[in-house]
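Please read it alongside the sequence and the structure shown here.

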Amino acid sequence: MRTLFSENILSPSPARAPPPNPFELLFPSSVSTTSSACSTQSSPRQNEWLTQHLQNQQRSERDAANPFSHASNAPRAHYSRRKGNPKVLFMGLRRSGKSSIQKVVFQKLSPADTLFLESTTRIETASMQSFVTFESAEVPSQLSAIAPDFDHRAAFSSAGAVIWILDVQDEFLTSISEMIQTAVFLAENYPRVNFEVFIHKTDGLSDEYKNETFREVRQRVQDELSDLGHGDRSVSYFQTSIFDHSVFEAMSKVVQKLLPQLPAMEALLNKLCSTCRIQKAYLFDTVSKIYVATDASPTFLKDYEVCSDYVDVIVDIKQIYGWHSQEGDGKAASETSQEDGGIGESMVTYDNSGDTYIYAREINDYLSLICVMGKGSSTAKRVLIDYNVSILHDALLQVFRV
Ligand SMILES: Nc1nc2c(ncn2[C@@H]2O[C@H](COP(=O)(O)OP(=O)(O)OP(=O)(O)O)[C@@H](O)[C@H]2O)c(=O)[nH]1
């Protein structure tokens, strides 16, 4: 039987050294290699320097082992790798749709109910507990990133991405100029924060107008950023509306960039797709319906819509009938499902030929694998598909356990 992965896929042999991470250069851990290189002919000054570094290293290891100990007075590294949960910040002009997106995506508000949302007057935060905790915050339109009274350190230092919401149904030139100011401010002060633009409220517009506006906005922003010396700043643009799946797809792409596990998840999904001839595989966050990873094949909104609707169906059925009989007894979902001998899994055919069908497999309480199966992966090959998916299942659980 062809199997998906070799046994040591998650612990490859120590052959290849990881590529250097520029953010880690300031950590004292780089000293160990230096010390071995210098140890033969060191001057007293070098010795002193090395001893100090080794002491610092031991101290930081001790601190890492006991994160609640604050006894150490060692100066903290000024630049450290961003830790914590993925956090996105919504910004934009008045009535552009910031609260609506936040509430529809993260709080499951019905799009029609956003009509009654009140104006936001102070920074409002929300969080959603899933396999990681997603955090979001909305900056009220009257607070500009460059305003002196705006505590930008508190807002931006922990953010992973700033999403600028541009209302395409309104006059958008003012929005573009404010967006440029914010993008330049971020590029100069917080270069590690991703800048994303949602060209929002695209529902009800003709395709031609939508695409033309999209091109125009992108061109203007790119030109102005280049004129201001930030042409190399990468900005992503998405057409969104809360009345269809586009806002979820856009949020998926924004959130994915903030997940350190993304390359591992993508590699696993690519391997699964090529082995089992899967047309498209998505790893969904079951609660929010945003996908946290997909394979490398082209993404079509239609595939995403079908899979996302299927997640809804699964969640509803699960709430009625349940997939685990011992839920809530304090065990991890994976343990429970394995002990039960039942793994949440289902299939549905969605065209008349029966060749194309969707295969769903629950990874844990928060993650679901949803695959659009193509020709060549008929149900007759279920055993092979199931076998490979279970290996992927275990590998994914290990990725998140690390
Ligand atoms: N047609 C359409 N209307 C939308 C969309 N998203 C939001 N809206 C509407 O836009 C209006 C303003 O939405 P809000 O979410 O309150 O906008 P906001 O940016 O938070 O507004 P402030 O808090 O006042 O700055 C509401 O009536 C929403 O129903 C969309 O995708 N399409």
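This is a predicted model: local features need pLDDT of at least 70, side-chain atom pairs count only at pLDDT 80 or more; totals for chains, interfaces and linings use all residues.

Ile101, Val104 and Val105 in H3 meet Val247, Phe248 and Met251 in H7, and the residues of this contact divide into 6 nonpolar, no polar and no charged.

**Packing of H3 and H7**
- Helix H3, which spans residues 98-106, packs against helix H7, residues 246-256, at an angle of about 85°, and the two axes lie 11 Å apart.
- Because of that angle, H3 is roughly perpendicular to H7.

**Surroundings of the ligand**
- There are 20 residues around the ligand, and those that come nearest are Gly97, Ser99, Ser100, Ser119 and Thr120.
- H3 supplies the largest share of this shell, with 3 residues.
- Sorted by class, the shell around the ligand holds 11 polar, 5 charged and 4 nonpolar residues.

- The domain assignment of the protein chain gives domain 1 as 87-256 and domain 2 as 262-324 + 331-401.
- Between these domains, 13 residues of domain 1 are in contact with 17 residues of domain 2.
- On the side of domain 1 that touches domain 2, H3 and H7 each supply at least two residues, and the largest share, 7 residues, comes from H7.
- The residues on that side of domain 1 divide into 7 nonpolar, 5 polar and 1 charged.

**Packing of H8 and H11**
- The axes of helix H8 (residues 262-276) and helix H11 (residues 382-401) come within 11 Å and cross at roughly 175°, and the two helices are therefore roughly antiparallel to each other.
- From H8, the residues Ala264, Met265, Leu268, Leu272, Thr275 and Cys276 meet Leu384, Ile385, Asn388, Val389, Leu392, Ala395, Leu396 and Val399 of H11.
- The contact of H8 with H11 is made up of 12 nonpolar and 2 polar residues, with no charged residue.

**Two buried strand residues**
- Trp164 has its place in strand E4, residues 161-167, and it counts as buried because 27 C-beta neighbours lie inside 10 Å, where 20 or more are required.
- Leaving aside residues up to four places away in sequence, Trp164 touches Met91, Gly92, Met179, Thr182 and Val197.
- Trp164 and Leu93 are separated by 71 residues in sequence, while their C-alpha atoms are 8.8 Å apart in space.
- Ile278 has its place in strand E7, residues 278-285, and Ile278 is buried, since 24 other C-beta atoms lie within 10 Å.
- Ile278 and Ile363, which are 85 residues apart in sequence, are 18 Å apart in space from C-alpha to C-alpha.

**The chain as a whole**
- The protein chain contains 11 helices and 11 strands, and 29% of its 402 residues count as buried.
- Among contacts in the protein chain between residues at least 6 apart in sequence, 68% join residues that are at least 24 apart.

Key:
Residues are numbered from 1 along each chain as its sequence is written. Axes are lines fitted to C-alpha atoms, for helices over the stretch in contact, and angles run from 0 to 180 degrees between N-to-C directions. Helices (H or I, at least four residues) and strands (E, at least two) are DSSP runs, numbered from the N terminus. Angles under 35 degrees count as roughly parallel, over 145 as roughly antiparallel, 65 to 115 as roughly perpendicular and the rest as oblique. Two residues are in contact if their C-beta atoms, placed from the backbone, lie within 7 Å. Ala, Val, Leu, Ile, Met, Phe, Trp, Tyr, Cys and Pro count as nonpolar, Asp, Glu, Lys and Arg as charged, and the others, Gly among them, as polar. A residue is near a molecule or strand if its C-beta atom, placed from the backbone, lies within 6 Å of it. Domain bounds come from an automatic or database domain assignment. A residue is buried if 20 or more other C-beta atoms lie within 10 Å of its own, exposed if 12 or fewer, and partly exposed in between; C-beta atoms are placed from the backbone.
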